[in-house]
Every structure is written in structure tokens, then in C-alpha cells.
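Open the model in your viewer and keep the selection tool at hand.

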Amino acid sequence: MKLSPTIKKYLPYGLLILIILFNLYLYRNEFKVTSDPNDNSFHYALIDEARNIWKDVFSGKLSPLYLLDSWNERWAEGFSLSFYYSHLPEAAISLLSFFIPISTFQLMVIIRTLLLILLPVSFFFGARILGFSSGFGLIFAFFSQAIFTDGLYGLDSPSFLWRGWGLSTQLLAVFFLPLAFAYGIDYLKNKKSLGKALIFNFLLAQAHFGMFYLLLFAYPVFWIFSLDQLFEVGKRTLIFLSFILISLAYFIFPFFLSSQYRNFSLWDPIWKFNSWGLNQIIIWLTNGDLFDFNRFPFLTIFVIGGMFWGLISGNKLYRYLAAIFSLYFILFLGRNILGPLVNLIPGLSEYHLHRVIVMVQFTGLLIASGWLFDLLQSLIKRKNIVLIILVISLGIYSVYLMEKPIINYVKDNSAWIERSNTDYQKNFNDYQVIINSIKKLPLVRVYAGRPGNWGRDFKIGDTQVYMALSQDGFPTIGFLPQSWSPNSDTEQFFDEENPKHYDLYNVGYLVLPIDKKPPQFAKLIIKKGKFSLYKVDSEGWFTLGKSSLAVMTKKTNLVNIVHLWFYSPMFTNKDYPVVALNNEKLTFVDRIIKMSGMNDYNNDKSIWQVNPLSDRQEKFEPSIINKVEKKIPQGYSVNFRLENQCENCVLILKQTFHPNWKILVNGKSQEAFPVFPFFIGIQLNNPGNYEIITTYQPSTLKTILLILGVLIFIFAFKKISKL
Amino acid sequence: MYISMALNYPDQVYWPFSLELTRSFTLYISIFQITIFLYFFIRYFSSFIKKNYLLTIAAVTVFMGVLLIKNYSYLLHEPISLTKITPVETHQDYLKPMIDMTVESGRGVKYWNRLSNNYYFYNQGIGAHANSIISYNLGGRFSKFTTDFGIDTEAGDQNKAIFIIQGDGRELFKSKPKGKYDLPELISLSIDKVDKLSLIIKTEGESNNGLHTDWLNPILIR
């Protein structure tokens with residue numbers, strides 16, 4: 001049986017189109033989504049936020065640099081999220097939304113669904129760029145679509161589909177991953193495609209920095225596998241990594257340099273940070289759950305076989321692929337196995353190691369494709385028609401068995417999308433009445449429950465109301481789509497029955513289910529459908545307090561002492577301890593303690609033995625009058641009069657502290673500092689009239705590094721790439 | 001054989017042996033076995049070692065380095081977390097004591113949970129469940145023991161527990177009954193010359209249902 005060269009050439013492309021068409025049919029209902037039940041709500045909120053920044057940029061209110069570094073106050077008392085997180089894809093999609101006549105939400109849904117459908121294309125071309133044949137590429141492309149787990153956050157559809165985790169940015173990154181890796185290796189191996197390698201690695205980093213960071217480990221390993229060209233490949237590795245570093249310097253350096261203002265959350269499950277451990281991962285691998293949940297372990301067999309096939313192969317690239325699979329697999333075993341060794345690698349001490357599964361699966365699929373392709377080739381070489389027909393029949397049956405659990409998963413997914421859409425449509429108008437009412441009122445935070453209480457079941461469509469509100473641009477409390485704000489962990493101690501907590505966080509509105517009894521002090525604004533909106537009087541964005549204590553601490557030792565403060569006389573008396581993350585010597589406080597652990601201070605004292613916050617307090621008397629607050633782009637301003645001389649007095653802005661906040665007191669710049677829980681504190685002493693303007697400004701270091709990066713690319717890229 | 005029998009049938013361990021003794025014996029037997037292994041290894045692989053002496057020195061250095069790093073706190077007389085030491089005896093009414101995690105974490109990875117009391121968090125400790133006894137053979141090497149203790153956040157809110165610390169069978173500390181909403185407590189005890197340290201948790205009342213209890217940040221000082 002001999003195929004004509006033309007058929008042989010185009011058959012893999014035809015089959016690839018078939019896979020895409022199958023995906024298009026399989027995932028067709030994803031296009032109909034009207035509300036999300038998962039992280040996609042968060043991703044949409046980021047796009048919406050970027051759209052607001054574009055509007056301010058177009059109207060001349062903000063500089064375009066805010067697209068790279070801005071203040072997002074939809075969650076956790078505000079946070080410079082784009083300083084640490086994906087931001088360019090959001091900026092690009094939101095810009096596109098100005099030109100395409102559909103809603104921004106629909107645009108996002110279309111983009112993410114198309115990415116999922118077209119994922120095999122990127123895998124196919126990734127394999128081709130690596131130098132593999134179309135047949136190999138086709139198997140790799142098919143495997144990318146066929147992998148299936150019980151929602152382990154990997155490459156499979158439960159990570160991306162509506163009913164899954166909603167990992168849109170990971171999906172974008174997975175789309176770029178094969179191309180970034182392939183062009184990277186192509187440059188190191190053949191000195192070709194440096195530009196493309198840099199572009200796709202840059203795009204990967206922009207989509208998901210964590211995944212890009214993991215991929216970086218693979219490049220030096222390739223150098224180790226090129227000992228015959230030690231100098232040449234070493235030089236290319238250096239050039240490649242240097243250019244990558246330069247292109248991302250504006251993001252990487254500030255990311256690491258200001259890590260103390262990024263929370264290490266204790267609310268995140270342990271397995272996220274530590275991964276699952278040796279026992280569990282070996283059980284999953286041998287059960288087939290890492291690649292083939294709920295079906296015969298087809299892929300698992302090829303991955304394990306591919307591992308041995310790669311290791312004993314005479315081909316350097318195959319050996320290399322098997323080696324990086326092993327490397328990622330060991331890293332995936334996690335912190336309990338690797339211990340402090342992991343923490344020695346910059347950035348990994350706070351990394352969610354369970355996400356290494358993406359690289360385990362990606363490299364696993366590469367070696368699995370290699371071995372299967374090799375087996376099929378040797379079969380074809382035998383020219384035994386009966387055997388070939390038998391294998392083709394078995395192959396088709398295997399494809400059916402592999403797709404069956406995925407099809408079942410997608411079937412349920414489609415039914416649930418329909419159900420959610422119906423519910424969304426039913427409640428949409430009522431919800432709009434509620435949010436339109438809030439929009440007409442002064443801007444304060446909104447509370448609509450949280451995942452740990454009644455808020456979990458209070459939904460519009462399948463989106464919890466607290467998520468929907470943050471999607472619609474309201475500053476909310478209680479919902480943590482990410483936990484990087486230093487206020488994230490302690491915000492969870494917000495007590496909806498305690499009026500002082502509404503003051504603390506400037507929560508002014510409650511959105512409750514119609515049958516939920518409101519706190520006594522809440523006043524009804526409106527009831528509509530299943531929603532009710534209440535108002536609570538709160539002090540506003542600024543308040544006057546004092547700081548009699550400074551707490552020197554690492555960020556990881558802060559949570560318990562802040563929690564204890566909530567129930568201390570200091571809290572009642574508006575005494576906000578200063579947080580000294582850099583051991584600053586503060587002269588205006590009366591006392592200083594140094595946390596030596598989460599529950600210990602001054603080396604030998606326990607907070608449970610001698611509570612450092614229980615000192616007798618003189619009643620805090622000073623007050624401000626004639627306070628007028630105003631929301632300004634990326635900040636707040638306030639005018640007021642301070643009546644008396646005020647020792648230790650601090651004006652508190654109820655936004656998360658970050659060094660990028662700039663404070664003007666009566667036109668003069670003044671240093672701010674973090675105060676409990678992690679708000680912005682501004683020292684005030686003298687009586688008089690004050691005008692205070694507080695704005696979040698993009699990091700100067702970021703701007704300088706960005707300009708330097710662009711200049712280096714313009715002037716040095718051509719010269720160095722020829723070396 | 002005697003050790004494995006003792007582990008499986010603790011009620012059939014007769015004097016002069018004891019469960020603690022048999023478990024301690026495993027250490028000495030291991031040392032003995034390693035010594036024999038090294039002797040035969042050096043004897044039969046002496047030519048390989050001579051040829052690759054640099055590699056051998058490097059391997060021994062790495063091995064000794066790892067040993068030193070793992071035990072430097074003890075050697076430098078620094079405080080040691082009790083969680084680093086393997087108990088010689090554990091008994092518990094529900095699941096098994098968990099290191100640096102709550103007792104419920106013993107159900108599997110998806111139940112892994114941090115230790116906390118009223119949402120006051122701890123990085124180190126032992127997640128236990130009443131009724132429980134966890135004993136350590138310290139060999140009189142430590143002078144002081146400090147620990148926090150309390151009911152874990154994940155516990156049910158009905159029942160109470162008493163925390164007891166024994167040294168060589170003698171009661172060194174007994175807490176008042178503690179419930180879910182009580183804050184953690186700290187205790188510091190002299191354990192000079194104590195061979196066997198036992199951490200005991202008893203149910204106060206009739207039911208131990210949902211009584212997830214924690215020894216938090218337990219530290220030994222030489």
C-alpha cells in the first residue's frame with residue numbers, strides 16, 4: 001500500500017483540520033456563555049478594568065503607563081495587580097473591544113473558546129518547528145486535545161471549560177507554549193529564529209509568567225545536552241536568556257524587588273504551594289489520573305514508554321525531552337520531597353508548585369508522541385497490510401474510548417451552561433436595578449457575602465453576586481480571586497454584624513438575598529426580585545487615628561497579630577500600629593515590638609502569654625471636621641480641618657499600602673507608611689486646614705527598564721543576534 | 001523478627017524488653033548494619049575506591065554535609081521542633097497524628113489544611129484528635145519543652161478536651177478543659193533528664209466527635 005506523495009504531504013493537515021472541526025462541534029456551546037462561575041469572572045474583570053484605563057488614557061486623564069501598572073480596587077482593599085500579574089493580554093483585548101461591535105464579555109468568550117478549539121494547531125506547528133515530521137505533529141496535536149484529568153489544573157479541558165477552573169490566562173499561555181519552546185530550541189540548536197523565539201517567549205510570559213518561568217529551566221538543560229558544542233550553544237543560551245531578560249526586565253525586577261508587598265496567603269490550600277507529594281503523584285501516575293482520568297490509561301502508557309524510549313534513544317533531542325520530563329516530574333513532587341532546595345531557586349519559595357503539572361503534561365505528551373510515532377513507523381516499515389488494518393481499527397476504537405469521557409464532560413457542561421443562562425436572563429433585570437442604584441450613590445465598598453458563608457449560594461446565573469459586582473466595577477469585600485494583596489488574609493475576618501468593621505473597611509452597601517435578615521444598623525434602599533440593597537453608614541475612605549506602636553515584622557509573620565488587633569482595645573480606640581517591613585526606626589510611636597514568628601515577638605515572648613496589644617489606652621479624642629472626600633483617577637483626595645494638636649496622629653486611607661502611592665499634603669510630598677491591617681498611613685500633628693491628594697503612580701523603575709529594554713532591542717538586537 | 005512482632009503484637013512484649021526499647025533497638029541495629037555494609041563495601045570495592053578516590057570523597061562529603069545540615073540545630077544546641085522527631089508510640093481515636101497539618105488532612109491530599117486555632121495560624125505542630133497519646137524517646141537530652149495547644153479551627157464546636165504532658169509517666173502539666181472558641185495557650189516545662197515525653201489529649205465529657213486538637217509549635221531546648 002503506497003500513498004502518493006501529495007496525499008502523504010497533505011494528509012496530516014487534513015487530519016488536523018478534522019481535529020479542529022471536531023473541537024468546534026464539541027465546544028460550540030462555550031460560545032453561548034453569559035456568566036462565569038469561576039476564575040474567568042476575575043479575568044473578565046481585569047479586561048474591564050483595562051478598558052476603563054484605556055478610556056482614561058484616551059481622555060487624557062491617565063498616562064498609557066497605567067496599562068502596565070495600575071491600581072485595581074475591585075478586591076482586597078486594592079492592589080497593584082498588573083504590577084505582578086498578566087496585563088498586556090487584558091490591555092489588548094480591551095482595546096479590541098472598542099472596535100468590535102459586541103460586548104467586551106462576549107469578545108472574551110469568543111477569544112477563549114477559539115483558543116481552546118485551535119490549541120492543537122499550536123501543538124502541531126510546535127512539533128514541526130522542533131524538527132519532527134507532520135505525523136509526529138499530528139499525534140502531538142491530537143494528544144493536546146485528548147488529555148483528561150479530574151481538574152488538576154493542567155493542559156486539559158477541565159482547566160478551561162465553563163464548568164472547570166476558568167484558567168483563561170493559562171489557556172492563552174498553553175497556546176503559546178509549544179511555539180515558544182520550539183522556537184527557543186530551534187535557536188539554541190540551529191541558530192535560527194531568534195526573533196520568533198523571543199516574541200513567543202515574551203507572549204508566553206505576558207500570558208502566564210509562572211508557566212514561562214518554568215519553561216526557562218528547560219533551556220540551560222539543552223545546553224547540558226550539547227556538550228559537543230559547549231561554547232557555541234552556551235553562547236546562544238546566554239544571548240537568548242539575556243534578551244528575554246531585557247524584554248521582560250520592566251516586569252521581572254520590580255516583581256522580585258517588591259515581593260514584600262505581595263502577600264503569601266494562608267487561605268490558599270497547602271497543596272497549591274507544596275504540590276501533592278511523592279505518594280499521591282505516584283498513585284495518580286500509576287492509576288493513569290495524570291493523563292487519563294476515568295478511562296483506560298492510553299496516554300499514561302505512552303508517556304511512561306516514551307520516557308524509556310527517550311532515555312535509551314541515540315537521538316540527542318529525544319534524550320533531552322525525556323530529561324526535561326524527569327526534571328519537571330521531580331519538581332512536581334513538591335516541597336515535601338525537595339525540601340528547602342526548591343526555596344533556593346529565586347521565585348520558587350512562594351510558587352504554586354502544583355501548577356508544574358502543565359510542564360509535566362506538556363513534556364509528557366512530547367515523549368508520548370515520539371514513542372507512538374516511532375512504533376507506527378516501524379509498523380509501516382513491515383508492510384504487513386493485515387497488521388496495519390488491525391492497528392488502524394484498534395487506533396480508531398482507542399480514539400473513541402479516549403474521547404468518550406471528554407464528550408460526556410462537555411455534554412454536562414453544555415447542559416449546565418444552558419441552565420445558567422436561563423437563570424441569568426431571569427434575574428438580569430432585577431440585578432441591573434440593584435447595580436444602577438449603587439451607581440447613583442457615593443462610591444464605597446460593597447459586601448455580598450463571601451465564599452465561606454451565605455454568599456456562596458447567592459448567585460446571578462452561576463456567578464456569585466460578590467463576583468458579579470466586582471466584574472461590574474464595584475470595590476467589593478469578601479471575595480479573593482487572588483490573594484496577593486497584603487490585606488487579603490485579614491480581610492476574611494470582616495464581621496458583617498459588627499458596625500466597626502464597616503467603618504474599618506469603608507463598606508457602605510450590602511447586597512443580600514431577599515430572605516436574609518440584615519444587620520440591625522443597615523437601612524433598606526431597595527428590594528428587587530431576589531436581591532435587596534441596604535446602606536450602612538461608614539466613615540468614608542479617610543479616617544483619623546493614631547499609631548502608638550510599631551510592629552517590625554516579615555510579611556509572613558503579620559497575619560495573627562493583625563487578627564488579634566481586631567479584638568484589642570487598640571482597635572476600638574482607633575490605634576493603628578505601624579507595620580515596619582524594613583525595620584524602619586519610627587520616632588513618633590511610643591513602643592516597638594519585633595515579631596520573631598507568627599505567634600512570638602521580641603525573641604522570647606508569645607502573643608498568647610503577654611498580649612502586646614492589650615495595653616491600657618487613653619481615649620483617642622482628636623477629630624477632623626468639614627471632611628470632603630473625592631475620587632480621582634487612580635486615587636482619592638480629601639479636604640478637612642484638624643482641630644487640635646495631635647500626638648502620634650495618623651490619617652488613614654483605607655487602601656492597601658504600596659510604595660507606588662504618592663501623597664501630597666497641602667501640595668508637599670510626604671512619605672506614607674503601612675498601618676494595620678495594611679492600609680496607607682500619613683502622619684499628621686499640627687492643627688489646621690488640610691488638602692491631601694493620594695494617587696497611585698506607575699513605578700519609575702518599571703518605566704526606566706521599559707525604555708532601556710526598547711532601546712537595547714532597537715540598537716543591539718541585530719548586532720548581537722549575528723554573533 | 002522480635003521487633004516486628006513487638007510492633008504488631010505490643011501486648012506480647014515481655015520484660016526485659018519493652019515497646020520503646022525495641023523501637024530504640026532499630027536505631028542501633030541500623031547503625032550496626034550500616035557499619036557492616038561499609039566494611040564489606042570498602043573491602044570488596046577497594047580497587048574502585050582507589051581509582052575514583054576523588055569521587056568517593058565527594059560522595060562522602062555530600063552525605064556528611066546533608067547529615068550535618070539536617071542535624072545542625074541539635075549539634076549547635078539550638079531549639080528543635082518536636083515535629084522533626086519520630087515518636088516511639090502513637091495512639092489516636094481517629095486517623096493519625098499529622099505533622100504541620102490538621103488531623104483531617106490525614107484523609108488525603110484534598111483535605112490538607114493548615115494548623116490554626118480560631119483562625120490564628122501556625123506553621124509547625126501536630127494535628128491530633130482526642131483521645132490521643134504521642135510519645136517520644138528523648139533519652140534525657142533536653143532540659144525544656146515549650147508548646148502552644150488548643151482546639152483546631154476545623155473542629156466541631158460541641159466538645160472539649162484536656163491536654164496532658166507526661167515525663168516518664170509522671171504528669172508534668174494538665175490543662176483546663178478547652179473548647180473550640182478558646183484561644184491558644186502556651187506552656188513551658190522543665191524536662192530535665194526526662195527519657196520518655198508523652199503528649200496526651202483526653203476528651204472532657206462523653207463525646208470526642210469532631211475534637212480536632214493541636215500541639216502547636218512544640219519546641220525542645222537542650
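## Start at a strand of chain B

Select β6(B). Gly125(B), Gly127(B) and His129(B) point one way from the strand, Ile126(B) and Ala128(B) point the other way, and all are buried. Buried means that 20 or more other C-beta atoms lie within 10 Å of the residue's own; exposed means 12 or fewer, partly exposed is in between, and C-beta atoms are placed from the backbone. In a regular strand the side chains alternate between the two faces of the sheet. The strand covers residues 125–129 of chain B, and 5 of its 5 residues are buried. Strands here are DSSP runs of E with at least two residues, helices are runs of H or I with at least four, and both are numbered from the N terminus.

A note before moving on. This is a predicted model, in which local features need pLDDT of at least 70 and side-chain atom pairs count only at pLDDT 80 or more, while totals for chains, interfaces and linings use all residues. Residues are numbered from 1 along each chain as its sequence is written, and chains are lettered from A and ligands numbered from 1 in the order in which they are written.

Two strands count as paired if DSSP finds at least two bridges between them. Look for Met98(B): it stands opposite Gly127(B).

Which residue of β13(B) is the bridge partner of Gly127(B)? It is Asp214(B).

## A five-strand sheet in chain B

Select β2, β7, β12, β9 and β10 of chain B. In that order they form an open sheet of 5 strands with antiparallel pairing. Go to the edges: β2 (89–92) and β10 (170–174) each have a single partner strand, so one side of each is left without a neighbour in the sheet. From one strand to the next, the twist averages 20°. The angles run from 0 to 180 degrees between N-to-C directions, and the axes are lines fitted to C-alpha atoms, for helices over the stretch in contact.

Zoom in on β7(B), residues 132–137, and β12(B), residues 196–204. They pair in the antiparallel sense over 6 bridges. Ser135(B) in this pair faces Ser198(B) of β12(B).

## All of chain B

Show the whole chain. Chain B has 4 helices and 13 strands. Its C-alpha trace spans about 70 × 40 × 35 Å along the principal axes. Of its 222 residues, 28% count as buried.

Colour residues 2–75 and 80–221 separately. These are domain 1 and domain 2 of chain B, with bounds from an automatic or database domain assignment. Their C-alpha centres lie 30 Å apart.

## Where the chains touch

Display both chains. Here 15 residues of chain B are in contact with 16 residues of chain A. Contact means that the C-beta atoms of two residues, placed from the backbone, lie within 7 Å. On the chain B side, β5 (120–122) and β11 (185–190) are the elements that give two or more residues. The largest share, 3 residues, comes from β5(B). The chain B side divides into 10 nonpolar, 2 polar and 3 charged residues. Nonpolar covers Ala, Val, Leu, Ile, Met, Phe, Trp, Tyr, Cys and Pro; charged covers Asp, Glu, Lys and Arg; the others, Gly among them, are polar.

## Across to chain A

Chain A has 25 helices and 21 strands. Its C-alpha trace spans about 95 × 60 × 55 Å along the principal axes. Buried residues make up 48% of its 723 residues.

Colour three ranges: domain 1 (167–258), domain 2 (431–535) and domain 3 (542–700) of chain A. The C-alpha centres of domain 1 and domain 2 of chain A are 43 Å apart.

## Last stop: a sheet in chain A

Select β14, β15, β21, β17 and β18 of chain A. That is their order in an open sheet of 5 strands, with antiparallel pairing. At its edges, β14 (624–632) and β18 (668–670) each have a single partner strand, so one side of each is left without a neighbour in the sheet. The twist here averages 25° from one strand to the next.

Finish on β14(A) and β15(A), residues 635–642. They run antiparallel, joined by 7 bridges. Ile625(A) stands opposite Arg641(A) in β15(A).
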